[in-house]
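Subject: Structure handover and notes

Hello,

Here is the structure for your work. My notes follow below it.

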Amino acid sequence: MGIFDSLFGGGSDGIKQGDEPELFFGRYSDSYKAPEQYKAWDNAVKLFEEKKYLEAYKEFFFYLKDRHEENVKYATSNGKIRFEIYQGSKVVYGEATDEHVIATANVVKCDELKVAFMRKLMEMNFQLKYGRYALTEDNNIALKFDTSTIDGHPNKLYYALKEISTAADKQDDLLEEEFGQLHAIDNFHVQDSTEKVKSVRLKYLRKWTNEAMEQASSLDEDKFSGGIAYLLLNAIYKIDYLINPEGKTVISLYKGHRMFFAKDNRSTLEKNKDLKKFVGEIQERSDEAIKKEIYRVVSTFGMVRGAPHDAVQGLCKEVLDNMVWYKDNDKTNMALQVMEYAASYAFFNYGMPQPDREYFHILLHVLNSDFFGELGYAQLYDEAAKKLDKRNIKARIESVQNRYAKRYPKAILNDSSLKYNDLVSFTESYIKAIADLIY
């Protein structure tokens, strides 16, 4: 398996060509594990049932460990396993013995105890199934989990460690921003982005949110409620994948998504108004605050479940049907936004097959060539000349096919069906080709 197989499982830069930079996009997905890792999981369950607990846990941690990232560290000595699990900006430290399993994630450092945030932590405790917020001896706020080994089945351990690690990663930036006496801790492993990358990503976050809000405001909110939803949601999903912010910005993105798809019998018109509020929250954040949230992290647990190609196929067909009216009525930008939504939504919601991920990344590269160009990548579409770089696009498609020829021999995108005469025709034909893939 090549290095890119792993990168696309964890949010990667896409298909690197020549001297292009190695930047990362998207959220980590743990849907892409090697056969030996699934075998390790089966071994862990079998050994646990045989009461060979430490041997079971060694197999368990091997299952969690990414093949190309230092996301899990573990070592056995004196009858115990000590382990470290990296999730975003946080680290879970723990040990497992034949008697117990204990895990702790330091969330924030505390200068002094205050009633306000202590009350907030107590309230958040009720949202947890396995862990709990606690104070360490030196007054750091931490998330803890412990269990007797006999009750520490690999299934329970997986969900418990996922809960405390993802909660710690989510809450550290939020608590630090809300309460001045709380400060970052255990973020030594975070890889800060260069000033250039921060500036480019900030610029396009502003550009995409502003354009989405302006276009949404220019449309009749009753007649075009569906189109407005596509505009705003596409902006949210595209920012999550291409800008990849952490902290409070990503919370606004996820709140907007959950609100819109909540089954509460509210109309699209009503939900669009709330979507604007969440996009507005991002617009109101300072440049400094947003730049602070742009950094590279290593993770162990993904936030989305695996999804088969059938889900991607259904999404593609849906957007192709819904963009027809806009294309036929010369609303080119709206047609493109609706089609781009197929890629951005899939990245946000699906742990899809790896070829699908890479093919969609190529599409986002084409549709956002100015953004990629400023980051140092080739521009696959020249906006001024209205011309697609057919040769480069074909090379990237072939690169995907070559890397997955053994694992997905039928997942060959039909390049002969692609239309390169204009951006709308290309995007439509490209999404059709993805929908027609066979696995």
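Which two side chains meet in a salt bridge at 3.3 Å, N to O? They are those of Glu95 and Arg82. A salt bridge here is a side-chain nitrogen of Lys or Arg within 4 Å of a carboxyl oxygen of Asp or Glu.

First, the ground rules. This is a predicted model, in which local features need pLDDT of at least 70, side-chain atom pairs count only at pLDDT 80 or more, and totals for chains, interfaces and linings use all residues. Residues are numbered from 1 along each chain as its sequence is written, and side-chain values use heavy atoms, with hydrogens and water left out.

Salt bridges

The whole structure holds 27 salt bridges. Back to the pair above: the side chains of Glu95 and Arg82 meet. Glu95 sits in strand S3 (residues 90-96) and Arg82 in strand S2 (residues 80-87), so the pair ties together parts that are 13 residues apart in sequence. Helices (H or I, at least four residues) and strands (E, at least two) are DSSP runs, numbered from the N terminus. Glu95 counts as buried, at 16% relative accessibility. Arg82 is partly exposed, at 48%. The cut-offs: buried is under 20% relative accessible area, exposed is over 50%, and partly exposed lies in between (1.4 Å probe, protein chains only).

Arg403 and Glu358 form another salt bridge, with 2.1 Å from N to O. Arg403 belongs to helix H16 and Glu358 to helix H14 (residues 354-367), so this pair ties together parts that are 45 residues apart in sequence. Arg403 is partly exposed at 22% relative accessibility. Glu358 is buried at 0%.

Asp192 bridges to Lys198, with the closest N and O atoms 3.0 Å apart. Asp192 is exposed, at 58% relative accessibility. Lys198 is buried, at 8%.

There is also a network of salt bridges. It links Asp264, Arg266, Lys271, Asp274 and Lys277.

Helix packing

Helix H6 (residues 195-218) and helix H9 (residues 268-284) have axes that come within 10 Å and cross at roughly 145°. Axes are lines fitted to C-alpha atoms, for helices over the stretch in contact, and angles run from 0 to 180 degrees between N-to-C directions. H6 contributes Leu205, Arg206, Thr209, Asn210, Met213 and Ala216 to the contact. H9 contributes Lys276, Val279, Gly280, Ile282 and Gln283. Contact means heavy atoms within 4.5 Å. The contact residues divide into five nonpolar, four polar and two charged. Ala, Val, Leu, Ile, Met, Phe, Trp, Tyr, Cys and Pro count as nonpolar, Asp, Glu, Lys and Arg as charged, and the others, Gly among them, as polar.

Strands

Strands S4 (residues 100-110) and S6 (residues 141-148) run antiparallel, joined by eight bridges. Two strands pair if DSSP finds at least two bridges between them. Ile102 has Asp146 in S6 as its bridge partner. Strand S5 (residues 132-135) also runs antiparallel to S6, with four bridges. Leu135 is partnered with Ile141 in S6. S5 and S6 form a hairpin with five residues between them. Asn139 in the turn has a positive phi of about 65°.

A loop residue

Tyr408 lies in the loop between helix H16 (390-403) and helix H17 (423-435). Tyr408 is partly exposed at 22% relative accessibility. Leaving aside residues up to four places away in sequence, Tyr408 touches Gln354, Pro355 and Tyr439.

Best wishes
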